[in-house]
Amino acid sequence: MSTVVEPSPGQPAALEAETLSDAVRARLRGLRGGELGSLPILLGLLVIVIVFQSLNENFLSPSNFVNLMVQMAGLTTIAMGIVFVLLLGEIDLSVGYVSGVAGVSVALLLFQDGGELPGPVGIAIALVIGAAIGFLHGMIITKVGVPSFVVTLAGLLAWNGVVLLLMAGKGTVIVQDELVIGIANSFLPEMLGWIVILGAVGLYGALQLLGLRARARAGLPTPPPVLLALRVAALAAIAVVVVWFAYENRGIPYVAVLIVLLLVCLSYVANRTRFGRHVYAIGGNQEAAQRAGINVDRVKVSVFMIAGTMAALGGIIFASRLRSVDTAAGGGDILLNSIAAAVIGGTSLFGGRGHVKSALLGALIIASIANGMGLLGLSAGAKFVVTGVVLLAAVTVDAVSRRGRASSGRA
Amino acid sequence: MADGPVLELQGVSKSFGAVQALDGVDLEVREGEVMALVGDNGAGKSTLIKCVAGIHTIDAGEIRFDGEPVQVSGPKDAAALGIEVVYQDLALCDNLDVVQNMYLGRERLGPLRRLDELAMEQTARETLKGLAVTTLKSVRQTVAGLSGGQRQSVAVAKAVMWNSRVVILDEPTAALGVAQTRQVLDLVKRLGQQGLAVVIVSHNLSDVFEVADRITVLRLGKDVATLRVADTNQQQVVEAITSDAPADRRAGIEVAPA
Ligand SMILES: Nc1ncnc2c1ncn2[C@@H]1O[C@H](COP(=O)(O)OP(=O)(O)OP(=O)(O)O)[C@@H](O)[C@H]1O
Ligand SMILES: [Mg+2]
């Protein structure tokens, strides 16, 4: 969700459309040309809801909805970091175990016998560890010139080893810090929930309107205000339904607010700052970026630091949700699911195309499938097969729409 | 107009492993002058340009700007001196739109270090209009969707938007149709008239003779001749490009600068 009406890279610009019908026509032209946007994801979600709801009527219950929000939070966070790496045209295979290292660090640092560190300090240290690991990976990739695939594959092994070393002889460590536990297990009071979520939508609408007015004042073509109104109204409707539904049960967890905050901040970084612009440029044409005087190495190292930090935050969220860490921290399907989430959400594996919100949408799809199959009591095996098929479908949609773009000259 | 050349290369050499791409090349261009750089494929024209732009570091020789020796160790250095380059491969990002490409690496910022998209879009529009580039439907469409000529126009506009003193164009009309070629050639002439120093690479000698004041001929990485357009003809230039006997470099055809 970008904050203002200006177009961002990789998105069809409907800015020149002066009227609603122009805008609709431009969108349809875009669809035919392979600019699918979020359409496949929304359709996919619809199918998931219909299928699982018809198989088990608890799927669309308030309590399960609240569960889903908590379940998808860690994955979403890690996938947001992956989006930046994919935008560069690189890959990070280490994020799973980096999240493990961070989760284990937080649990050990804040373990009562291990000294009396305050919660925020423990969290900060874990985040710095994640950033430092990203820095290390980034430096090896840029200064030594080893491909990111190899460096982070080595990282996958090494950081798995570090998790095992840290947990040696401990089995399971219970998270004792109230703050850490509260991230995924405490809920906003209903009043606050409404204020925060509706306030965010209101702010979004106001910023959009300001952007529109600034364009009009500058004499630049503006999209029709109706379009803006529709978009804000749709967002508000979703927000109201989400908040209302959540408070039929436990309510909005703090981690959901954290996710919205990250979404806004990272979208700003990606689409409204010089750094973000350079990330897209490097993913689009690294040679051109270099010739434009962009410090490609520095941007790359920064992106791997973002990925490491977000992975660490995801690991803290996992530890919070489970209230404990064990030797399996950061393992399992975390890595592949977070890459799959970014790709399913519409971020291209080929660099230069995608959005931070892809992480949220993709994680929503993956978590819904896992959640629904859990309700049905299906095995992990079945879950992997279905998630694999969905990933393949998403990548196929990406490849086919690339062909569409190529044949309509938008390669 | 200053007396000396704005940009001056002396004995510039560059090799890639065993390939000696440039071998002691001299070149100079003055304010208000259009210097054409010609030579066969692989003669070293693009390499020379990339050395001036700071993309390659030179092995030997000297680059002078306003008579002062300068170190151009990156594109930022070149831009700071006022040297703008339109590359043969254009160097555009397909996934970015026209405005984003024109400002790449030099984005304007507003409050909160936020990109000032409005100012960038306005200036980009004006620049394109000033160049009579009218075929663009929108400055907010991605470059991937543009025709070859439109892409070339964007690359040229990107170079002349900054108050530069030297504009270097590597085969700027290679992908253009008749009308667009006309526009770029007129633009090149106009840049010269505005007092800029222009270096243009082209394989089309009639274009060169139309816009250039002087011609430097490169052959196998050596500058074999520098000719004044007024004193030469296409036949002579073709001979310089292809002749096999550079025994006496520039024999008989050395000319004084305008
Ligand atoms: N990055 C590089 N690495 C190795 N060799 C290179 C590199 N760039 C250029 N060369 C070599 O340097 C020589 C000069 O190439 P250059 O591109 O400058 O020629 P040119 O005059 O621009 O030719 P054209 O008219 O085809 O554009 C060629 O032999 C080329 O193979
Ligand atoms: Mg060339």
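Mentor: Let us begin with cavities. On a 1 Å grid over the protein atoms alone, a cavity is a set of points where a 1.4 Å probe fits but cannot get out; a pocket is an open set with protein on both sides within 12 Å along at least five of seven lines, and lining residues have an atom within 4 Å of a point. Here B:L131, B:V133, B:S153, B:V156, B:Q180, B:Q183, B:V184 and B:L187 line the largest cavity. This is a predicted model, in which local features need pLDDT of at least 70 and side-chain atom pairs pLDDT 80 or more, while totals for chains, interfaces and linings use all residues. Residues are numbered from 1 along each chain as written, chains are lettered from A and ligands numbered from 1 in the order written, and side-chain values use heavy atoms, without hydrogens and water.

Trainee: Which elements give two or more residues to the lining of the largest cavity?

Mentor: Helices (H or I, at least four residues) and strands (E, at least two) are DSSP runs, numbered from the N terminus. The elements in question are α5 (148-160) and α6 (178-193) of chain B, and α6(B) gives the most, with four residues.

Trainee: What volume does the second largest pocket have?

Mentor: A volume is the space filled by probe spheres set on the grid points, which are joined across faces, edges and corners. For the second largest pocket it is about 650 Å³. Its lining has 28 residues, with A:F318, A:R321, A:L322, A:D333 and A:I334 nearest the centre. The largest contribution to that lining, five residues, comes from α13(A).

Trainee: Which residues coordinate the magnesium ion?

Mentor: Donors are N, O and S atoms within 2.8 Å of the metal (3.2 Å for Na, K and Ca); water is not among the atoms, so sites may look incomplete. The magnesium ion (ligand 2) is held by B:S46 (OG) and B:Q88 (OE1), at 1.9 to 2.1 Å. B:S46 belongs to helix α1 (residues 45-52) of chain B, whereas B:Q88 is in the loop between β6 (83-86) and α3 (98-102), 42 residues apart.

Trainee: How many residues does the contact take from each chain?

Mentor: Contact means heavy atoms within 4.5 Å. It takes 33 residues from chain B and 37 residues from chain A. Buried area is the accessible area (1.4 Å probe) that two parts lose on being put together, summed over both. The two chains bury about 3,000 Å² between them, 54% of it on carbon and sulfur atoms. In chain B, the residues losing the most area to chain A are B:N95, B:R114 and B:L118, together 21% of what that side buries.
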